[in-house]
Amino acid sequence: MIKTEKIFHLKSSRGWKVRVVREHYLREHVPCHSSLCQAGCDNDGKLLSEDVTHYVFPDVGVVVDYQEVLEFRELRGVVFTQTACHAVQHSKGRRQYNRLRALLKDPRHDCVLFANEFQKNAYCSRQKGESQDIWHSRCVHSAAVWYHDHLAGVKPVVMITEDASAVAQYSSLHSGIYIVSMQEYLQNFWPELKAAQDLYCSVSQALQVKESEGTEREYTEHLPSEVLEAGVKSGRYIQGTLNVNKHRAQNEAFVRLEGSSNKNTDLNSDVLVSGGKSRNRAVHGDMVVVELLPRSEWRGRVTALSEGQGEDKLPESTQSQPMPTGRVVGILQRNWRDYVVTFPPKEETQSRNSRRILATPWDQRIPKIRISTQQADALQDHRVVVRIDSWESTSLYPNGHSVRVLGRAGELETEVQTILIENCVHVLPFSEAQLREMPANSPEKPWQADTAGRRDLRESHLVFSIDPRGCEDVDDTLSVRSLPGGERLELGVHIADVTHFVREGSLTDLEARSRATTYYLADRRYDMLPAVLSADLCSLLGGVDRYAMSVLWELDARTLAVHKVWYGRTLIRSSYQLHYELAQALLNGEPAQVPELMQLDPDQRDAKLAQLTEALEMLTHVARHLRAQRDRGGALELEGVEVRAQLDEDKNITALVPRQPLEVHETVAECMIHANHWVARKIQESFPQQSLLRHHPPPRQEFFCELVDCAKARGFTINTRSNKDLAESLDQAVDPKDPLVNRLLRVMATQAMSNALYFSTGSIPQDQYYHYGLALDRYTHFTSPIRRYADVVVHRLLTAAISLDQGSDPSKTLASNKELEVMAKHINKKNQAAQRTQKLSTELFQCLYFKDKDPLTDPCCVADAVVYSIRTNGFLVFIPQYGLKGAVYVKNREGQVVSARPGGACEWQSGSVHRYPDRISTVCSAGTITFSLFQHITVRISVQPSRCHSDSLHLEVLSNTPHHSPEPTDLPGPQPQGRTHLVQEVVRLAEEASQQAQEKAAQGNRLSREERAFRQTKGPNLYSLLEEVRELALMDPQACGDGGGGSGLSGEAGCISSA
Ligand SMILES: [Zn+2]
């Protein structure tokens, strides 16, 4: 080893130059991380593949400026030098450096780090007077030469550099080493990769413009990070996340305090940041540091309506009590992501310098972004993905560059992609490398089951599945039987053994982990696992051998008390693949055709049918008992309104259809809840500090105020002290004349709930494991490993728990509590993104449904609505026919109020508004008109188009009397059975799958094997949930208890704001 010195010139955040001298050791052996190595390198971890035409060494400048281009997974055989990585670390900061490290670690990217500065023969020391850039290029070139020679010249090496003099200097020095510019490289080596070339152009334009930046200061400079950190420590400053109020994005933002990091303990509210200068270039989501203004400068949040809604005429004050108000003095961490923006129409761009365009982000909370482009003409009215590069104090707006073009605004595909990107949902087709991990299963080489290490249930157990019609991914099956002697019953839940096929750490596993869930949109879905697993080998199809993870309970035949539980891997063969309607028909004793029995002679058939029916009856009996048990504990029956959209082949919505649940839905759901609960107990007892569970925290009492007040207005008392009290009082709150009252109260109860969340058992005390909605002390997700990654983790934990019972100690190979907590947070975040995406795509389709209809003539646009919440300037309604909710204003932009006309019709006149707890009235010369809670009224639905943001629905009151549609619509009545979240999920899947099946049938032929494996499910297949309901609470966390941002509809002062 040779000792030498390495000299750095660092730039501090205040711009000082610092000279740092470090001892530096050179070695003979530095691993090359290439699978072509013949020199015996100690190569562990990721290896560069050999099936590439060349290896590529990006120069320092290329890595620093064009890292995002190098992030394309299609670019393979990339060697990042240590020199380049250090440069990124020193000149680009933590965010980009972390991205580079993640890239190097990610096995889906064919790139490695070569520690060239430790390699004796590759290292170059800096010469006297040599500029840093020239030295860097020399280092990278030297590394490329060493690498090429180290691999005995078997692979050509390309060095890419933006420095023309380096191209000239090194080009002819070594055979086998090619020096090209980035642009040439992309054009010659990756001509097909148009997206990378576009991105390169857009980044390089942004870089050029940056050089010609002005010098006049628009904002105060940010303080250096050490000053910020010290200030937060001493209590002088406050640290938190910036939350921009969507309805007043220009002016109002709040800093949500980060509990532990703040010394200023007098503060218990958010800090208001008012106006752009005080916000000082912070963007929604950034981690900022604020300084409080003197008390005399504190302001209140604006409680009136958004712009143009006649705020000055409101009876209430327009500002709340003054609250702590501050200004941003620095930013600890930028939280920028990819943003979708809309390019302005031509007339707006012509007058300005056409190379710099101000584009408007789809997300109202994000400021306009200045984009340098030569394509301004081509991109007008297009939606484009952009990234922010910088926001200097001399620039009124942040500067950014375009990444890719999504398409024309308003087109379906553009809008769906917009929703995905805005929620950070990135789903690429599964790569070839991932698909190579899949087990072979073809007619020539069928997949063979193996009984080793598994309990064989094929002969002993009657196993069957109950799923939506046409379901392909069957991840759960059931069995139930009397044990010999008649004293005991045995209930079995058998779940697809996904972890047998998806090894921990494999590419498929990593991809599934990063997706974390299957994404359901109104018209498509993006699967978590490739179809060969989800629709075939993992799917517990009828009549074939399949691997399962099973839970078997021995129950007392009379009391149904659990005596014994067995967990383990099994081999099953499902006898019947039933669908819900068929199972319910068998239970009801109705004549039904079971396809599996069609071929048998009548005697045999009757015997088998009797056996199956008996099993279904036994199952129903057990499920009713389980449900009753949970009810005694306080399980909640919550209500969501589900309506599905029927799409035709061109994805036009032809009808919105409410759905009907069957008891058998609940039976299946109850068995799944039971399995999830028992698996939660098992893993938590085996690994008390490192198990993945799911809890549902009790709601904050104040969120129930609206529910309690509403019920009171109708003469009901809702007791919210415990889940049991709540469940019982909700059951009492029934108006025999209007079943909607009870449903709406349940919807409100649902909305008061917080979200259920995954967590690691070591990170919170055990009394917080409780699942409030299900009334269970421990709960997890085990039953859907095909479409939820949490279940995959839980399957691995259960496998480890089983081997612990068998004497081995697997706890060392398990994820630690800390790792598991990180994972839980990731999955929670992705689930929220999945919910938001689903909600937004549903709203998109709602707007599409009404868009082509003329609200003045089309009877579809007039509907009956029920008032369920009163606000200062209007009220919220629910429209049962379409299952949608929205705001109705009684005062318009001109300050006019809704007034009554003879015959119950409404029109606008000048007048005043009076709000009471349970009603709102307008008074004008024509008289008084009142809208009360739960009153049925008539509204007109129209679409409010938006160029830069999403369209929204506009509701307008036509009359304060009920609307009777010409044809009576088939409304779902009061539900006789309690419904749980799982039922709803099951119902939802039923709809999806049946629709999918119908469409497949319509298409005639099935997809080829290859198509099935390679494409994402993207056909027009699914349903649309018009009012999304999830496990208890679907609310976007921002919508309830939003202390700062102030979501419009839950507005603190009870106002409705229009977007
Ligand atoms: Zn080597």
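Colleague: Which residue stands opposite V463 in β20?
Modeller: V463 stands opposite S479 there. This is a predicted model, where local features need pLDDT of at least 70, side-chain atom pairs count only at pLDDT 80 or more, and totals for chains, interfaces and linings use all residues. Residues are numbered from 1 along each chain as its sequence is written, and side-chain values use heavy atoms, without hydrogens and water.

Colleague: In what sense do β19 and β20 pair?
Modeller: Antiparallel, over two bridges. Strands (E, at least two residues) are DSSP runs, numbered from the N terminus. Two of them pair if DSSP finds at least two bridges between them.

Colleague: And how many bridges join β19 to β26?
Modeller: Four, and these two strands run parallel. D467 stands opposite H579 in β26.

Colleague: Why is β19 largely enclosed?
Modeller: Because five of its five residues, 463-467, are buried. Buried means under 20% relative accessible area, with a 1.4 Å probe and protein chains only. F464 and I466 point one way, and V463, S465 and D467 the other.

Colleague: What does F464 touch?
Modeller: Its contacts (heavy atoms within 4.5 Å) include Y576, L578 and L612, not counting residues up to four places away in sequence.

Colleague: New topic. What coordinates the zinc ion?
Modeller: C32, C37 and C41 through SG, plus H150 through NE2, at 2.0 to 2.3 Å. Donors are N, O and S atoms within 2.8 Å of the metal (3.2 Å for Na, K and Ca); water is not among the atoms, so sites may look incomplete.

Colleague: Is C32 buried or exposed?
Modeller: C32 is buried, with a relative accessible area of 0%.

Conventions: Buried < 20%, exposed > 50% of the residue type's maximum accessible area, 1.4 Å probe, protein only.
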